[in-house]
Amino acid sequence: MKFIVSCSIFFFVGFLGTAQSSYISKLKSYEQFQQMSSIPLYQKYGQVQSLKVVFDCSDDRLHFVSSEDHEFHYEYCIDELGFIGSVSEFNATAYSGNSDRRFLLANINYYKALDTYTLELGPSDRMDLNLLTRFFWAVSEHVFFSDNLYLMVNTSYLKNNVDTKGVLPTIAPNEIYDGQVFQPIVKHLSHGKLRIIENWDSVHPSICSTDIIVVNDIPNVFPLVSGVIVIRFQTPLSHVTLLGQNRKIPICAYTNAFDSDYIRSFDGKYVVFSVEQDTFLIEESKIDFSEEREPVKRVKLKRDLSVDSLIPGRLLKERLSTVVGNKAANFGELRKYSAKIDFEIPESAFAIPFSFYQNHVDRSGVQIKIDDLIARYQQSMPLEELHGALDEIRALILNSDLELSLLNEIELMILRLGSFRRMRFRSSTNAEDRKGFSGAGIYSSKTGELYGENQSIANAVRHVWASLWSYNAFMEREAFNIDHSTVAMGVLVHRSFPDEEVNGVAITCNLYRDDFPGFVVNAQLGEVSVVQPVRGVSCDEFICYPDETTSIYGKQESGIDIINFSSLNGGRLVMTDEEIQHFANVLERIKQRYLRSHFVDTTYFRFALDVEFKLEHMTRQLYIKQMRIYNR
């Protein structure tokens with residue numbers, strides 16, 4: 001038996017069966033719209049049908065264009081309307097702010113969950129109010145849904161420069177986002193036992209790696225499972241999204257999951273579960289999970305325990321990853337980039353090498369417990385015993401005194417590097433921030449203050465070390481067959497940001513359109529997390545583009561394509577247009593430098609870095625605090 005979520009959309013190939021033209025001038029029915037439309041080029045939302053429309057100002061004619069015959073507006077204007085010129089020449093005129101431009105271009109998108117049609121311009125379009133009004137009402141007069149058509153105000157240009165109030169019916173991106181019932185988070189396929197989790201606290205110890213779980217929220221400790229259906233939407237750069245992408249397991253949000261009798265009919269059964277752009281599918285599986293599987297060769301990580309002194313930030317380099325961990329090593333690369341590119345890195349930085357962690361677990365007797373745990377786990381250790389053993393290891397690390405010589409060395413380093421006394425201690429292992437394994441969110445960071453009583457340095461260091469043996473971290477490494485005996489924890493230290501105007505994460509590729517420019521950014525006010533969002537709080541989500549002064553491709557797409565607004569900022573982006581453009585140019589330059597100095601076996605558009613950033617309190621200075629490869 002197979003179940004396909006009831007709100008899915010099916011697309012039909014062909015144009016009205018017998019039609020000969022690749023366009024029509026009037027849309028008379030939903031069937032007609034459906035047969036001409038396709039999935040949008042930008043797949044920012046699930047369950048959307050998209051149709052191209054061209055208004056030729058030279059003869060005041062509308063052209064609703066078959067997406068099957070013409071993938072791009074440019075192609076149609078060349079083939080059918082006699083435009084002569086290159087793509088760059090077309091873009092320079094067809095999206096300009098000139099009042100005498102010939103073509104007015106847009107997509108009509110149908111959002112099934114809201115039963116709403118929108119007219120949407122490209123993010124680089126600079127159409128003025130007169131042309132926009134002429135265009136919108138011409139479309140409205142030639143479609144069957146004239147009473148249900150809205151202008152989508154989804155670009156910063158439209159929001160800030162075109163006053164449509166009282167002139168055109170409009171809709172904002174957050175209204176579209178909030179009205180969705182389905183979100184494809186990670187598009188993959190897996191097999192497993194479907195389990196509907198009503199009470200996470202009582203059930204989570206029994207969750208297995210072969211389970212496909214249906215939950216009402218993503219827990220702070222994300223378990224090793226084979227798939228997830230959650231009722232709350234996630235940002236594309238949240239920890240659970242990155243972990244799902246890294247693990248290559250299907251994850252989706254479906255707001256009606258707990259109300260679906262059909263989904264409940266699979267509870268406790270083995271199923272095939274897959275997530276696609278507009279739907280998810282469930283069907284019963286015949287796979288026997290009791291079959292023994294061939295043992296998998298363990299991945300042994302490199303670690304160098306020979307360095308027994310702290311390393312100041314100016315000496316951190318990528319090649320020291322086996323000494324201080326990948327995060328600290330990548331920080332060294334960021335420091336080099338910041339000398340040539342207009343951004344800052346957190347000051348007073350230094351790293352605590354692996355050797356100090358190893359000395360601590362050796363002196364406290366923890367290493368014996370770790371060796372025993374690994375040996376017993378390889379012999380099918382019960383889940384409850386695993387939790388107990390990991391709890392004991394963390395408790396021993398936390399309760400053992402930090403060596404006085406190390407504490408003195410840390411205090412001297414802080415005093416030597418500057419005036420900052422409140423420091424952030426961040427995990428930097430050899431089992432995170434690496435190609436094929438991001439480890440997003442599985443280890444801890446902690447704030448420590450020099451001579452502080454409530455937030456002591458010793459306590460901060462021990463908490464970071466102990467997080468190496470959390471259940472979440474252990475199972476994430478297990479999912480990738482990493483040899484636990486070869487992992488080690490370093491610590492990256494730099495000044496903390498007790499107050500910040502904005503925090504966020506960026507991916508230096510276009511997640512919503514393959515082989516196309518654009519960087520995806522999630523940003524939020526203050527310290528409210530974008531990677532582990534608070535229930536009911538959403539962040540800014542947008543796509544931005546480097547300008548022609550920076551892009552290796554010259555003048556390309558520009559502007560800001562807004563997907564959602566922060567729920568904390570009154571329907572405005574938390575960064576200004578100028579700050580976003582500057583950030584896009586910085587990201588482009590970082591990406592270019594990284595690609596020039598590393599062998600990367602993929603194309604420019606497919607390769608991406610995962611970058612964490614902040615705007616400092618009061619000054620709004622751009623700080624970049626982390627960079628790692630984004631594993632697609």
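Biologist: Which residues does Ile 341 touch, leaving out those up to four places away in sequence?
Modeller: Happy to look, keeping in mind that this is a predicted model. Ile 341 is found in the loop between α11 (326-338) and β17 (350-352). Not counting residues up to four places away in sequence, Ile 341 touches Val 586, Arg 589, Ile 590 and Arg 593.

Biologist: Is Ile 341 buried or exposed?
Modeller: Buried means under 20% relative accessible area. Ile 341 has 5% relative accessibility, so the residue counts as buried.

Biologist: Nice! How are α12 and α13 oriented to each other?
Modeller: The axes of helix α12 (residues 354-363) and helix α13 (residues 366-377) come within 5 Å and cross at roughly 90°. Angles of 65 to 115 degrees count as roughly perpendicular. The two helices, α12 and α13, are therefore roughly perpendicular to each other.

Biologist: What kind of aromatic pair do Phe 437 and Phe 480 form?
Modeller: A search of the whole structure finds 30 aromatic pairs. For Phe 437 and Phe 480, the rings are 5.1 Å apart centre to centre, with 80° between the planes. Planes over 60 degrees apart count as edge-to-face, so this pair is edge-to-face.

Biologist: And how far apart in sequence are the parts tied together by Phe 497 and Tyr 623?
Modeller: Good one to finish on! Phe 497 and Tyr 623 form an edge-to-face pair, 5.0 Å centre to centre. Phe 497 lies in the loop between β20 and β21 (500-507) and Tyr 623 in strand β26 (residues 622-629), so the pair ties together parts whose separation in sequence is 126 residues.

Methods: Residues numbered from 1 in each chain as written. Predicted model: local features only at pLDDT ≥ 70, side-chain atom pairs only at ≥ 80, totals over all residues. Heavy atoms only, no water. Axes fitted to C-alpha atoms, helices over the stretch in contact; angles between N-to-C directions. Helix = DSSP H or I, 4+ residues; strand = E, 2+ residues; numbered from the N terminus. Parallel < 35°, antiparallel > 145°, perpendicular 65-115°, else oblique. Buried < 20%, exposed > 50% of the residue type's maximum accessible area, 1.4 Å probe, protein only. Contact = heavy atoms within 4.5 Å. Phe/Tyr/Trp six-rings, centres within 6.5 Å; stacked < 30°, edge-to-face > 60°.
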